[in-house]
Amino acid sequence: MQTETVALTREKETLLITLWAKAGESLLPDSLLKDRFAAEAATRIDYDFARLKVNRDLMVGLAMRAHALDGWTRDFLARHPEALVLHLGCGLDSRVFRIDPPAGVDWYDIDYPDVIALRQKLYPARDGYHLIGSSVTEPGWIAGLPRDRPTMIVAEGLLLYLPEEEVPLLLERLVQRSPSGEIVFDAYSPFGLKLIAMQPSIKATGAALHWSLDDPCELERQVPGLELVTEMTAYDPDGYDPAQIARMSWPARLAMQFFSLIPPLARIGLLLRYRF
């Protein structure tokens with residue numbers, strides 16, 4: 001089997017955290033994602049994944065986040081079977097294969113050219129699946145997209161790395177180019193961003209974190225047309241399947257219980273769903 005050498009650094013290197021976590025979680029006997037594509041891709045990369053210090057709690061936590069965003073995406077496609085999907089900062093995530101969208105959907109994965117080139121070596125082509133090699137903050141890639149179809153936009157583990165002023169600009173460009181749609185992503189308060197920066201896996205990459213969000217309604221004011229539909233707090237045990245939380249270590253479960261009792265701490269990490 002041919003392996004691929006990677007030379008990713010800083011923010012780009014963080015995509016290996018999510019790949020390894022989802023691959024590892026998918027090999028567990030009680031896997032939530034069952035992401036065989038991620039598991040296979042990870043075996044084909046020549047990289048010392050041990051340096052990222054991805055433990056079981058991180059595997060389970062990232063799998064829960066991905067599963068929630070996958071669910072919102074599936075729900076949108078069930079209502080709009082000829083939609084457009086824009087997967088921003090896709091990294092090496094195999095979401096398009098996990099969801100397996102219907103034939104009428106056009107799915108676009110967008111990331112830096114070197115990341116897209118690596119994807120092409122690791123994942124198969126499929127009908128209706130398109131790859132765009134560009135920084136998501138460059139406006140040029142948006143111009144060539146169809147403008148007459150409902151659009152689902154997914155940005156998992158991306159926006160926190162973008163310059164603070166770029167996030168509302170990016171969202172506004174996307175909202176303006178489509179007649180209707182939804183956007184789903186994870187967001188963190190300023191304190192939440194500091195906690196993430198302290199994680200051993202993030203520190204190993206040297207990635208810088210920039211964008212934070214205290215109040216999800218703030219984006220409604222910054223981006224005309226956005227309307228908040230759903231918010232899930234990362235530290236609210238009632239927001240997730242108890243069976244999934246039970247898979248975590250007791251210190252992680254205890255921390256979730258503690259954070260959920262203090263409103264500012266309960267909201268340091270959010271999964272957000274907007275319509276436009």
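F258, L261 and I262 together make a nonpolar surface patch of about 300 Å², where a patch is built from residues with over 30% relative accessible area and no salt bridge, nonpolar side chains (Val, Leu, Ile, Met, Phe, Trp, Tyr) being joined within 5 Å and like charges within 9 Å. Accessible areas here follow the Shrake-Rupley method with a 1.4 Å probe, and for residues only the protein chains shown count as cover. I262 sits in the loop between helix 11 (250-260) and helix 12 (263-266), helices (H or I, at least four residues) and strands (E, at least two) being DSSP runs numbered from the N terminus. With a relative accessibility of 30%, I262 counts as partly exposed, a class that lies between buried (under 20% relative accessible area) and exposed (over 50%), with a 1.4 Å probe and protein chains only.

The model is predicted, so local features need pLDDT of at least 70 and side-chain atom pairs count only at pLDDT 80 or more, whereas totals for chains, interfaces and linings use all residues. Residues are numbered from 1 along each chain as its sequence is written, and side-chain values use heavy atoms, with hydrogens and water left out.

L16 is in contact (heavy atoms within 4.5 Å) with V6, L8, I45, Y47, F49, L52 and L92, when its neighbours within four places in sequence are left aside.

Strand 9, residues 269-275, is mostly covered, since 6 of its 7 residues are buried. Strand 9 runs antiparallel to strand 7, to which it is joined by 7 bridges, and two strands are taken to pair if DSSP finds at least two bridges between them. Along this pairing, E182 has R275 of strand 9 as its bridge partner. Strand 9 also pairs in the antiparallel sense with strand 8 (residues 227-233), over 6 bridges, and here T230 has R273 of strand 9 as its bridge partner.

R273 leads on to the charged pairs. R273 is buried, with a relative accessible area of 9%, and it forms a salt bridge with D75 in which the closest N and O atoms are 2.6 Å apart; a salt bridge means a side-chain nitrogen of Lys or Arg within 4 Å of a carboxyl oxygen of Asp or Glu. Because D75 lies in helix 3 and R273 in strand 9, the pair ties together parts that are 198 residues apart in sequence. D75 itself counts as partly exposed, at 33% relative accessibility.

A search of the whole structure finds 28 salt bridges. In one of these, the side chains of K121 and E4 meet at 3.8 Å, N to O, and this pair links distant parts of the chain, with K121 in helix 5 and E4 in strand 1 (residues 4-5), 117 residues apart. K121 is partly exposed at 49% relative accessibility, whereas E4 is buried at 9%. E231 and R267 form a further salt bridge, with 2.4 Å between the closest N and O atoms; E231 lies in strand 8 and R267 in the loop between helix 12 and strand 9, so the pair ties together parts that are 36 residues apart in sequence. A network of salt bridges links K22, D35, R65, D70, D93, R95, R98, E156 and D186.

Finally, L162 lies in the loop between strand 6 and helix 6 (166-176), and at 9% relative accessibility L162 counts as buried. Leaving aside neighbours within four places in sequence, L162 is in contact with V136, T137, V167, L170, H210 and W211. L162 and W211 are 49 residues apart in sequence, yet their C-alpha atoms are 6.1 Å apart in space.
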